[in-house]
Amino acid sequence: MSSFRLWFGVLGAPVAWTVQHVSGFAFTIAGCGEVGTVWDVPVNLLTAIATAAGAATAVLAELSAIHVFRATRGAGEAEPPASRIHFLSVVGLTVGPLFLAMILMSGLSSIFLTDCVQG
Amino acid sequence: MATVATPAAQRHLDRLERIWAEREGLTGWLTTTDHKRIGLLYLFASLAFFAAGGVEALLIRTQLLVPNAGVLSPDAYNEVFTMHGVTMVFLFVIPISIGAFGNYLVPLMIGARDMAFPRMNALSFWLFLGSGLFMYVGLFLGNGPDAGWFDYVPLASKQFTPSSGIDFYALGLIFNGVSTTAASINFIVTIFKLRAPGMSLNRMPLFCYAFLAVSFALVFALPPLTAALSFLELDRRLGFHFYDVASGGDPLLWQHLFWIFGHPEVYIIILPAFGIATSIIPTFVRRKMVAFPLVALAEILVAFIGFGVWAHHMFAVGLATITTIYFAAASLIIVIPSGIQLFAWITTIFTGTPRFKTPLLFILGFIVFFIMGGLTGIMFAAIPFDQQTTDTYFVVAHFHFVIFGAAVFPILGGFYYWFPKVTGRMYHEGVGKLSFWLTFAGTAVTFFPMHIVGLLGMPRRQYTYPPDLGWSFLNFLESIGSYVLGAGLVLIVANLAVSLLRGERVGNDPWGGDTLEWSATSPPPAYNYPVIPRVTSPYAMWDRDDRQADARRLERGELTLERGHETPASTVLDAEWDEILEMPSHSWMPVLLAAALAAVFTMLLLGHWVTAGAFSAVAALVLFGWHMQEPQEA
Amino acid sequence: MNGVTRSSEATSAIAAAYAERRRRAMPSGVWGVALLVATEAALFGTVLASYYYLRFDAARWPPAGIEPPDVALPLALTGALVLTSVPVLLATVAARRAQVGSARGLLLLALLVQAGYLAVQILLFKRDLGVFSPRDTAYGSIYFTLLGLHHLHVVVGLLLELGLLVKLLGGLTNYRVIGVRAVAIYWYFVNFMAVLVVLTQLSPSL
């Protein structure tokens with residue numbers, strides 16, 4: 001059982017969301033601060049890139065988790081490491097959609113809203 | 001498990017007793033590194049602070065009993081509500097959850113004999129006590145912090161609050177943060193390394209998942225607070241300009257930094273309660289937890305996603321919507337892990353055979369209040385709604401439902417649940433049930449009307465209100481509720497205090513509990529387990545075969561680890577046995593180091609920078625002395 | 001008992017090396033310092049983020065009247081500091097192989113270079129204070145706080161190495177081998193942070 005597949009399946013989506021969330025937020029702060037007028041930060045373009053990359057990573061992580069889940073089917077009550085791997089794959093498969101939802105919700109909304117005004 | 005030991009078993013028990021004997025008297029308590037004793041020290045200290053915070057709450061409610069009351073002046077009121085918040089969050093709920101419940105129970109639940117770093121555990125307690133006394137000295141000198149528990153600038157800046165109350169707050173919380181960081185590191189390493197052989201991640205009790213999540217959250221959440229407080233002190237004491245606009249600073253920097261800490265903090269407050277609930281429910285409904293992997297995951301997810309929602313406390317400060325939308329998205333999704341847990345708990349209760357004893361009643365109360373507080377929480381994720389209700393009593397209602405109703409109720413239930421284990425006696429069940437109903441009713445009557453009065457426009461942190469706005473009856477009701485709540489809490493303490501002296505004696509496992517601590521005696525011996533348990537599921541006590549195998553090993557002297565202060569260390573993921581560790585025992589270093597650090601913070605408060613530096617050097621020397629004695633030399 | 005070591009009983013260099021080899025998982029002490037590093041990294045991350053946050057707020061950075069920082073000397077110093085990770089790493093290898101003398105020598109070498117780094121950095125810090133003040137602008141406040149925080153971590157690292165060297169005068173034990181590994185991890189972290197700090201410090205000039 002590939003350890004990389006398992007850990008990517010568990011951690012890939014959370015890491016993708018963290019990066020997209022922090023960078024997305026930072027782009028808006030930069031774009032709407034003084035520096036935004038000085039440097040002309042392309043907030044929407046950067047947000048789109050971060051959101052697309054994040055979403056793609058989250059989807060791949062979900063697929064990875066599903067693969068490990070299927071491969072360890074029935075190992076729920078077995079001795080570790082098989083049962084522990086199966087347990088972690090359930091974790092991975094559950095987090096994927098949640099983080100994907102957050103990535104899409106925040107990224108798409110940020111792009112479609114008017115810049116730099118409080119709504 | 002046999003309650004009378006055979007001669008062979010008794011020899012092993014005697015040897016372990018001798019090796020692990022705790023010193024008597026005051027010296028024993030000052031130098032203890034035993035996690036159970038430290039847990040009790042935390043318990044009593046936090047309860048004392050709970051009483052202080054409770055008095056502060058009753059003062060607030062009495063001042064608001066009627067319009068234009070003269071119980072507290074505006075300045076005194078500001079100090080009282082600030083100290084109420086600071087005390088309840090930093091000096092009561094976190095220390096009692098992590099320091100008392102966590103310290104006492106985590107090693108027992110994982111089948112270990114102590115925490116990974118016993119001396120650092122003691123240090124955490126003494127630092128906590130020091131930080132609490134430090135902040136209260138300020139209050140007693142008439143210089144309590146008075147800018148609210150989140151202490152916004154510019155109000156908290158030197159220009160607008162020149163008195164030293166804010167410095168007591170800032171330095172006191174940094175001091176407190178050192179304690180909590182040390183404790184968190186200790187919990188993570190303990191849970192990672194000291195689990196009984198066989199307790200792989202999928203066999204670890206849910207209580208431990210909650211504590212793992214809490215500890216990781218604290219490790220990452222406390223530094224932003226430390227930074228925020230340090231910047232504040234640098235601005236106030238040395239004239240720096242982090243937060244003032246005229247010189248290029250930004251007051252919103254404080255808000256961001258505080259809430260990057262503050263939001264995870266509130267999940268940190270509630271996670272131990274989730275852990276306690278997931279321990280009590282299976283025992284009292286005699287059924288394993290539904291969807292175990294999802295509940296374990298949900299506990300970690302709440303902590304993790306909680307780092308991404310902080311600006312929902314800032315929806316009304318003027319941030320662009322393209323910024324705040326990130327936080328609205330995360331604040332909506334974070335409901336899902338909480339929802340998973342609620343559905344799991346409720347399904348487990350409905351499909352089990354409940355025994356409605358006092359601990360379970362408190363958990364049912366917790367579920368009711370958590371649903372209410374959670375629902376109002378989701379409402380805040382909608383930015384327009386939040387902008388209308390921010391800084392009104394609607395917020396006060398929400399957070400008291402989740403902090404008091406949802407975080408404290410399991411603590412109260414936990415007192416009742418583990419009281420027999422810690423004391424060897426049973427509390428009075430009838431009085432227990434009465435104390436639950438009083439507390440439940442008091443909580444509902446105190447905090448529910450706050451939703452209404454908040455929607456009617458009453459702002460928070462107001463020392464009084466005029467009689468013609470329609471808020472009077474609701475405030476009166478809330479204050480009466482708070483007295484009922486106070487009575488309920490007093491009844492709990494009285495029940496436990498009297499039962500401590502006169503309660504019926506019980507054996508190891510009066511409840512039919514599911515986790516390992518119920519296999520130890522009540523109270524457990526200093527060494528916790530004579531035989532290191534072998535574990536094959538998260539419900540170790542319900543695996544009768546495994547526990548009988550432990551008893552047979554005691555006869556044979558197998559896995560008794562009695563050559564010294566020994567406990568096993570395992571691999572992180574699958575708990576394969578890796579080595580045997582020798583643990584330190586009694587030491588003066590923790591209390592000495594805490595005293596040195598208290599001196600450092602006091603000198604910083606007084607502005608004696610060089611003396612503070614000198615005491616830092618003393619602290620460094622104590623730390624060196626600490627490491628002079630290696631565990632095997634003890 | 002099925003081949004599990006009582007590692008605390010390893011009070012000689014050879015025994016300690018043996019215990020190290022038998023161990024399959026990172027010992028508690030190493031986990032402890034790794035978590036300390038995590039929390040300190042979060043602290044640095046916060047201060048670095050604050051630097052950029054204040055910068056995004058400013059039309060001119062540094063503000064008018066303050067020159068952007070010189071690049072050459074800080075970068076060279078940081079390079080020297082980062083290179084000390086090599087003797088530190090080699091010291092852990094030596095300790096795990098029971099080579100006490102080499103461990104001591106390598107740690108001492110690292111300590112001397114790091115102390116030299118700190119001395120020059122303190123001189124530069126004082127020189128900067130003579131030119132612009134943290135009490136005048138947010139730029140000054142965050143600049144000196146960021147650097148000060150880093151230097152404080154270097155001081156702590158030097159004290160840790162000193163303490164370790166004193167303990168190593170008495171030879172190696174299991175406890176001290178873990179100590180060497182722990183101090184090494186702390187230093188890798190300080191050196192990594194030094195790069196981020198200097199790049200941020202010099203960012204207006206880069």
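Trp17(A) lies in helix 1 (residues 3-32) of chain A, where helices are DSSP runs of H or I with at least four residues, numbered from the N terminus. The model is a predicted one, in which local features need pLDDT of at least 70 and side-chain atom pairs count only at pLDDT 80 or more, while totals for chains, interfaces and linings use all residues. Residues are numbered from 1 along each chain as its sequence is written, and chains are lettered from A in the order in which they are written.

Trp17(A) is buried because 28 other C-beta atoms lie within 10 Å, the cut-off for that term being 20 or more, with C-beta atoms placed from the backbone. Leaving aside residues up to four places away in sequence, Trp17(A) touches Gly54(A), Ala58(A), Phe99(A), Met102(A) and Ile103(A); a contact here requires C-beta atoms within 7 Å. Thr57(A) is 40 residues from Trp17(A) in sequence, yet their C-alpha atoms are 9.1 Å apart in space.

In chain B, the axes of helix 3 (residues 35-63) and helix 5 (residues 118-140) come within 10 Å and cross at roughly 10°, the axes being lines fitted to C-alpha atoms over the stretch in contact and the angles running from 0 to 180 degrees between N-to-C directions. Helix 3 of chain B is therefore roughly parallel to helix 5 of chain B, a term that covers angles under 35 degrees. Among the residues that meet there are His35(B) and Phe49(B) from helix 3 of chain B, and Pro118(B) and Gly132(B) from helix 5 of chain B.

Between chains, the contact takes six residues from chain C and six residues from chain A.

Methods
Two residues are in contact if their C-beta atoms, placed from the backbone, lie within 7 Å. Helices (H or I, at least four residues) and strands (E, at least two) are DSSP runs, numbered from the N terminus. Angles under 35 degrees count as roughly parallel, over 145 as roughly antiparallel, 65 to 115 as roughly perpendicular and the rest as oblique. A residue is buried if 20 or more other C-beta atoms lie within 10 Å of its own, exposed if 12 or fewer, and partly exposed in between; C-beta atoms are placed from the backbone.
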